[in-house]
Amino acid sequence: MRLYAIGDVHGRLDLLSGMHRQIAAEIERDRPADWRIIHLGDYVDRGPDSKGVIDFLIAAEKRDPRIIALAGNHDIGFRDFLAMPDADGLFARYGGRETALSYGVAIDFADPASLEQGWKGLVSAVSPEQKQFLHDLPYSVSFGDFFFCHAGVRPGIALDRQAHDDLIWVRAIFLDHPGLYEKVIVHGHTPQAEAELMPNRVNVDTAAYQSGRLTALVVDGADKRILTETMDA
């Protein structure tokens, strides 16, 4: 089975659609016996078209169940904001303004009246299908020797017992851990200038919204390589 793991998108529909075109061309050319495309979360915030990214992923998963979208902390933050407006939450503080604008809603999070009005407008603008997509996002998936999640795992805890908060939020205790895990952990969440290929983990978050470069890991048997899609930030 060939595996593609795509890093944090953050509203860059242009990069995500370009990456899918690259992958589709490879699959058409090489005809692998089976394949999966795994998105590692953070579809919304910061970039210009969060709504378009969610619509793209909904359509992709409908088209082929081998296309999988996992939860990122920003996606859960968006879901939580739709349930309860919070001026101090992740959505308000880290890129939610751009997400709301992609739905045609302007919110000044520092103004309580604008927050309330904008929240109501956003709740109305996000379709039931999009809300269900956010609600249903799984936190991890595993294939062969690889475990996929958004942020990483907590060392010393079995992969099938990881807390959801760790899978979308963990950083230092995971990134600094020198030992091996049950499987190689493929993740995003912590942006780097280039993909990190370590003995125990692979990080494919290259800050697409800012760098204009979306990165994916390709696993094909014993072979591992990096695939990139680039455009101006």
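How many bridges join strand β2 to β3, and do the two run parallel or antiparallel? Three bridges join strand β2, residues 35-39, to β3, and the two run parallel. One of the pairs can be named: His39 has Ala69 in β3 as its bridge partner. Before I go on, please keep in mind that this is a predicted model.

Let me place that pair in its sheet. Five strands form an open sheet with mixed pairing, and the order is β3-β2-β1-β9-β10. At the edges stand β3, residues 67-69, and β10, residues 223-230. Each of these has a single partner strand, so one side of each is left without a neighbour in the sheet. From one strand to the next, the twist averages 20°.

Helix α1 lies across β1, β2, β3, β9 and β10, and runs at about 135° to β10. Helix α2 packs on the sheet as well, touching β2 and β3. The direction of α2 makes about 140° with that of β3.

How do α1 and α2 sit relative to each other? The axes of α1, residues 13-30, and α2, residues 50-63, come within 9 Å and cross at roughly 25°. Angles under 35 degrees count as roughly parallel, and that makes α1 roughly parallel to α2. On the α1 side the contact involves Leu13, Leu16, Ser17 and His20. These meet Gly52, Val53, Phe56 and Leu57 in α2. By class, that contact has five nonpolar residues, three polar and no charged ones.

Next, a helix pair with another geometry. Helix α3, residues 73-83, packs against helix α7, residues 128-136, at an angle of about 125°, with the axes 9 Å apart. That makes α3 oblique to α7. The crossing of α3 and α7 is left-handed. From α3, the residues in contact are Asp75, Phe78, Arg79 and Leu82. Their counterparts in α7 are Lys131, Leu134 and His135. The residues of this contact divide into three nonpolar, one polar and three charged. So much for the helix pairs.

There is another sheet to describe. This one is open, has five strands in the order β4-β5-β6-β8-β7, and its pairing is mixed. The edge positions belong to β4, residues 140-143, and β7, residues 196-197. Each has a single partner strand, so one side of each is left without a neighbour in the sheet. For β4, the pairing with β5, residues 146-149, is antiparallel and extends over four bridges. Within it, Phe143 stands opposite Phe146 in β5.

Last, a single residue, Tyr94. Where is Tyr94 placed? Tyr94 is in the loop between α4, residues 90-93, and α5, residues 96-102. The relative accessible area of Tyr94 is 37%, and the residue is partly exposed. Which residues does Tyr94 contact, leaving aside its neighbours within four places in sequence? With those neighbours set aside, Tyr94 is in contact with Asp45, Arg46 and His74. Tyr94 and Asp45 are 49 residues apart in sequence, and their C-alpha atoms are 7.0 Å apart in space.

That is the end of my part.

Definitions and conventions. Residues are numbered from 1 along each chain as its sequence is written. This is a predicted model: local features need pLDDT of at least 70, side-chain atom pairs count only at pLDDT 80 or more; totals for chains, interfaces and linings use all residues. Side-chain values use heavy atoms; hydrogens and water are left out. Axes are lines fitted to C-alpha atoms, for helices over the stretch in contact, and angles run from 0 to 180 degrees between N-to-C directions. Angles under 35 degrees count as roughly parallel, over 145 as roughly antiparallel, 65 to 115 as roughly perpendicular and the rest as oblique. A crossing is left-handed if the near helix is turned anticlockwise from the far one by less than a right angle, and right-handed if clockwise. Contact means heavy atoms within 4.5 Å. Ala, Val, Leu, Ile, Met, Phe, Trp, Tyr, Cys and Pro count as nonpolar, Asp, Glu, Lys and Arg as charged, and the others, Gly among them, as polar. Buried means under 20% relative accessible area, exposed over 50%, partly exposed in between (1.4 Å probe, protein chains only). Two strands pair if DSSP finds at least two bridges between them.
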